[in-house]
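Visitor: I would like to learn how to read a few local features in a model like this one. Could you walk me through some of them?

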Amino acid sequence: MRPLLTDPNLQPRAETHAAQPPVPLVCDLDGTLIRTDITFELCLLHLMAHPISGWWRLLSGFLSDKAATKDMLARAHGDGIAIDGLPYSDVLDHEMLAGYDQRALVSGSADMLVTRVAEDHGAFLHVQGSDRTRSLTGEAKAAYLKQEFPDGYDYVGDALVDVPVWRDARKAFAYNASDATVKAAQEHGINLERLNTRPSEMPALWKGMRPHQWSKNGLLFVTPLLNVSLFEASWIVYLLLGLIAFCMVTSATYLLNDLLDLEADRVHATKRNRPFASGALSIPTGGMATVGLGLGGLVLALLVGAPFFACLLIYAVCSLLYSFKLKKIAVFDTMVLSFLFCWRVIAGGVLLGLSNSVWFLAAIGFFFLSLALGKRAIELNRAKVSATVLSGRGYRVEDLDVVKTSGLAASFVMSVIVLIYALMEQSTVITRDVSAVIIAVTFLFWQLRFWLLVGRDEVHDDPIIFALKDRTSALVLFGIVVAVMYEQLVPAAG
């Protein structure tokens with residue numbers, strides 16, 4: 001085992017107190033010292049770089065030569081992992097482990113990254129990871145430790161693959177281990193001391209699905225509301241199924257986006273608390289949930305109808321393109337976000353066989369463009385205050401003024417379009433001039449107030465969250481809905 005003496009204060013002491021364990025504590029890395037798995041993160045980086053061919057290379061590599069594949073991933077993508085941003089656990093601070101002077105970090109992850117973690121953490125005298133010819137997991141790790149520490153060792157790990165190591169250890173500690181892992185160890189006759197109970201990933205998965213964002217899918221109801229005079233009872237069933245399908249697919253895209261933004265989120269002031277970035281949700285669990293939600297939503301949409309399925313499929317494809325590439329293109333990223341909002345409105349019409357006016361779609365397009373630019377302005381303003389870089393986006397701090405100006409301009413354009421559309425004789429939604437002016441002015445008031453609060457840094461990271469929690473926004477929305485419903489249900493005189 002290679003010594004790692006980066007801190008002179010960690011040199012072995014000349015005296016060993018009676019209360020201190022006489023053997024070293026060997027600590028696992030993935031899932032124990034850190035609340036993530038470096039190998040899975042390397043796989044994710046590889047798939048981001050090679051979204052098509054990467055799958056086959058990983059599958060064939062891990063089946064044929066796991067050690068060489070880990071080494072390849074570390075050499076190719078190791079620089080993409082910010083070691084100081086990894087979500088460290090407090091395992092070494094546990095009272096049962098605090099007395100060890102001699103600590104070693106031995107992991108199945110690639111040796112070069114394990115070494116970097118040990119150097120960053122500064123608590124280990126020895127370190128060893130997998131190399132090109134040996135994957136230090138399971139029986140291989142147990143044999144290695146038995147050879148390296150012939151006088152014995154204590155071991156703390158978390159996974160089922162650690163059972164052979166626990167079996168040979170003097171003392172076996174489990175940290176963040178599942179109930180199934182603990183049961184398997186006990187069935188092997190291992191006296192496993194469980195240091196904590198592994199938290200369920202379901203709350204983190206639920207958070208990653210962002211149910212609060214499902215309110216955006218309420219845009220499916222916009223077209224039916226504008227045609228409420230044509231209401232049929234069957235609309236309720238179709239809209240409910242369509243809403244569920246959209247929520248499933250959008251949650252899948254949120255999870256995927258967080259997976260792809262993992263490294264960028266870890267250097268962000270608030271996004272570092274997201275499930276993947278914080279390690280509360282594992283990559284395998286999140287990946288399976290992403291696939292399950294996406295496929296489930298599309299199947300449900302197909303049951304609703306082929307046209308709606310096509311709409312949802314287009315939405316999913318555009319979201320994938322945004323997550324992989326388009327979000328890195330300044331300005332165009334906000335246009336894509338605006339399109340995705342408008343597409344929900346279009347999908348609601350397709351679901352029920354209703355059409356939308358081009359003028360109406362243009363108006364809401366500029367409205368959501370203004371919100372998307374507001375989101376970027378919020379991020380740029382906070383990056384400016386903290387003197388940081390907006391990671392993972394195509395913007396620089398000096399773009400802030402242009403983004404603000406563009407957002408305000410979009411607000412005015414939207415209000416002008418509303419007025420033009422509402423005052424046109426062929427408008428079927430708003431037929432009264434007074435209603436048209438009230439709705440246009442109300443929208444403009446809300447947007448100008450929104451941008452005023454953006455400039456004061458009083459808006460949540462997500463403008464939709466702000467709108468949902470802001471009392472003034474609720475009153476404005478209520479007033480607009482009442483005006484539109486009045487126009488639909490009460491015919492104009494003459």
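This is a predicted model: local features need pLDDT of at least 70, side-chain atom pairs count only at pLDDT 80 or more; totals for chains, interfaces and linings use all residues.

Visitor: How far apart are K404 and G374 in sequence and in space?

Guide: They are 30 residues apart along the chain, and their C-alpha atoms are 7.1 Å apart.

Visitor: Now to a helix with two sides. How should I think about that?

Guide: An α-helix has 3.6 residues a turn, so residues three or four places apart point the same way. Take helix α7, residues 179–187: its buried residues are T181, V182, A184 and A185. These cover an arc of only 160 degrees around the axis, so they lie on the same side of α7. On the other side of α7, the residues D179, A180, K183 and E187 are exposed.

Visitor: What do the buried residues of α7 pack against, and what follows α7?

Guide: The packing partners of those buried residues are α6 (163–168) and β7 (192–194). After α7 comes G189, which has a positive phi, near 75 degrees.

Visitor: And how do I describe a pair of helices?

Guide: Two packed helices are described by the angle between their axes and the distance between the axes. Here, helix α2 (residues 54–64) packs with helix α3 (residues 66–77) at an angle of about 135 degrees, and their axes are 6 Å apart. That angle makes α2 oblique to α3.

Visitor: Which residues meet there?

Guide: From α2 come R57, L58, G61, F62 and S64, which meet K66, T69, K70, M72 and L73 of α3. By class, this contact of α2 with α3 has four nonpolar, three polar and three charged residues.

Visitor: Last topic: how many disulfides does a search of the whole structure find?

Guide: The search finds zero. A disulfide would need two cysteine sulfur atoms within 2.5 Å. For C247, the nearest cysteine sulfur is that of C311, 16 Å away. For C311, the nearest is the sulfur of C318, 11 Å away.

Visitor: Are C247 and C311 buried or exposed?

Guide: C247 counts as buried at 9% relative accessibility, and C311 is buried with a relative accessible area of 6%.

Methods
Residues are numbered from 1 along each chain as its sequence is written. Side-chain values use heavy atoms; hydrogens and water are left out. Buried means under 20% relative accessible area, exposed over 50%, partly exposed in between (1.4 Å probe, protein chains only). Helices (H or I, at least four residues) and strands (E, at least two) are DSSP runs, numbered from the N terminus. The arc is that of the directions from the helix axis to the C-beta atoms. Contact means heavy atoms within 4.5 Å. Axes are lines fitted to C-alpha atoms, for helices over the stretch in contact, and angles run from 0 to 180 degrees between N-to-C directions. Angles under 35 degrees count as roughly parallel, over 145 as roughly antiparallel, 65 to 115 as roughly perpendicular and the rest as oblique. Ala, Val, Leu, Ile, Met, Phe, Trp, Tyr, Cys and Pro count as nonpolar, Asp, Glu, Lys and Arg as charged, and the others, Gly among them, as polar.
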